[in-house]
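Work through the exercises below with the coordinates open. Try each task before you read its solution.

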Amino acid sequence: METPVLFTPTLPTFFTMFLLIYLFARFVLFRSWGPKHRPEASSCVISLAHSTPAVFMAIHALIHSQTTSIFASHNTAFENTVLEYSIAYFLVDLLHYLLFFPSEVLFILHHLATLYVFLTCRYVVHHGAYAIIVLLFLAEITSGCQNVWTLASFQRDDSASAAKLYDFLSPRFYAFYTVFRGVLGPLFMFKMGLFYASGVAGEEVPTWAWVSWMVVIVIAICVSILWVLSHWKDWYRDKVQKKER
C-alpha cells in the first residue's frame, strides 16, 4: 500500500505566492485607493489569482479521475495539489479577514469551514477529493466575474465607467451565480449525499468525515442561495425605482 505523503513543498510555495500577490496589490496596485477599500480590493486580487487557475486545475483533475468509485477513491497526486493550492489561498485570505475585518464573522467562519474540509480531505482522510474538487469548480467558476463585479462596486460612486460596468455585470453575474451555486451545486450535493449515505464508501471515507463535510457543504450552499436571492431582490428594486423616476 502506498504511504500517504503528509507534506509537500507546494503548500508553503502556494502560500508565499498568494501572500506576495496580496502585498503587491495592497502596496502597489491599489496604493492610491483609500483605506476603506484597499484591503478588500487586495483580497479580490488574490481571489482572482486563485479562482481561474483553480477552475482549470479542477477540470484537469476531474478529467483524469477514472476510478470506479470516484467519490471514495484515493486522492491522486494532482488532486492533492489542487487542494493545497486552495488551502494556501484560504489561509492567506483568512489572515486578511482576521487582521482587517475581524467583525466579518460570516466570512471567517466560511473560510475556517472550507479549510476544515480541504485539510481533512488532503491530510487526514486521503480519499474523496473528487467530490470536493467538483464543488470547488462549481464555486470558483463564478469567482472571476464576482471579483470584477466587486471591484467595480467599490469605485462606482467615483467613476462613471465603474458604475456602468457594475450595472452591466450585476444581472449577468447573478444569473451565472444562480445556475452554478443555486442549481448545479445543490444537485451535486444531493448526489454526493446519496452516495455516502448508501454506505458504498465503506471505510475509505469515515462517517465522521463525510457527515461533517456534508454539514459544511449544505450550510455553504444555503448561504450562497440566500446571498444571491438578496442581491436579485435589491437589483429588481433598484430597477423599479429607476423606471419610476
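Predicted model: local features only at pLDDT ≥ 70, side-chain atom pairs only at ≥ 80, totals over all residues.

**Exercise 1: A helix by the numbers**

Task: Compare the span of helix α6 with the expected value.

Solution. Helix α6 covers residues 143–155, which is 13 residues. From first C-alpha to last, α6 reaches 19 Å. Next, check burial along α6. Ser143, Gly144, Asn147, Trp149, Thr150, Leu151, Ala152 and Phe154 are buried.

**Exercise 2: The salt bridges**

Task: How many salt bridges are there, and which side chains meet in them?

Solution. Apply the cut-off: a side-chain nitrogen of Lys or Arg within 4 Å of a carboxyl oxygen of Asp or Glu. The count comes to two. Glu84 pairs with Arg122 at 2.9 Å, N to O. This pair links distant parts of the chain: Glu84 sits in helix α3 and Arg122 in helix α4, 38 residues apart. Both Glu84 and Arg122 are buried.

Asp234 pairs with Arg237 at 3.0 Å, N to O. These two are three residues apart in helix α8, so about one helical turn separates them. Asp234 is partly exposed, because its relative accessibility is 29%. Arg237 is also partly exposed, at 39%.

**Exercise 3: The nonpolar core**

Task: Which residues have the most contacts inside the largest nonpolar core?

Solution. The core has 55 residues, and Met192, Tyr196, Val205 and Trp213 have the most contacts inside it. The elements giving it two or more residues are α1, α2, α3, α4, α5, α7 and α8. Now take Met192. Leaving out residues up to four places away in sequence, Met192 touches Phe71, Ala131, Ile132, Leu135, Trp213, Met214 and Ile217.

Then move to Val124, in helix α4. Its C-alpha lies 10.0 Å from that of Val205, 81 residues away along the chain. With residues up to four places away left out, Val124 touches Leu119 and Trp208.

**Exercise 4: A surface patch**

Task: Which residues make the nonpolar surface patch of about 630 Å²?

Solution. The patch is made by Leu19, Leu20, Leu23, Phe24, Phe27, Val28 and Leu29. One of them, Phe27, lies in helix α1, residues 10–29.

Key: Residues numbered from 1 in each chain as written. Heavy atoms only, no water. Helix = DSSP H or I, 4+ residues; strand = E, 2+ residues; numbered from the N terminus. Contact = heavy atoms within 4.5 Å. Patch = residues over 30% accessible without salt bridge, like charges linked within 9 Å, V, L, I, M, F, W, Y side chains within 5 Å. Areas by Shrake-Rupley, 256 points an atom, 1.4 Å probe, with all protein chains shown as cover. Expected span 1.5 Å × (residues − 1). Buried < 20%, exposed > 50% of the residue type's maximum accessible area, 1.4 Å probe, protein only. Core = buried A, V, L, I, M, F, W, Y, C linked by side-chain atoms within 4.5 Å.
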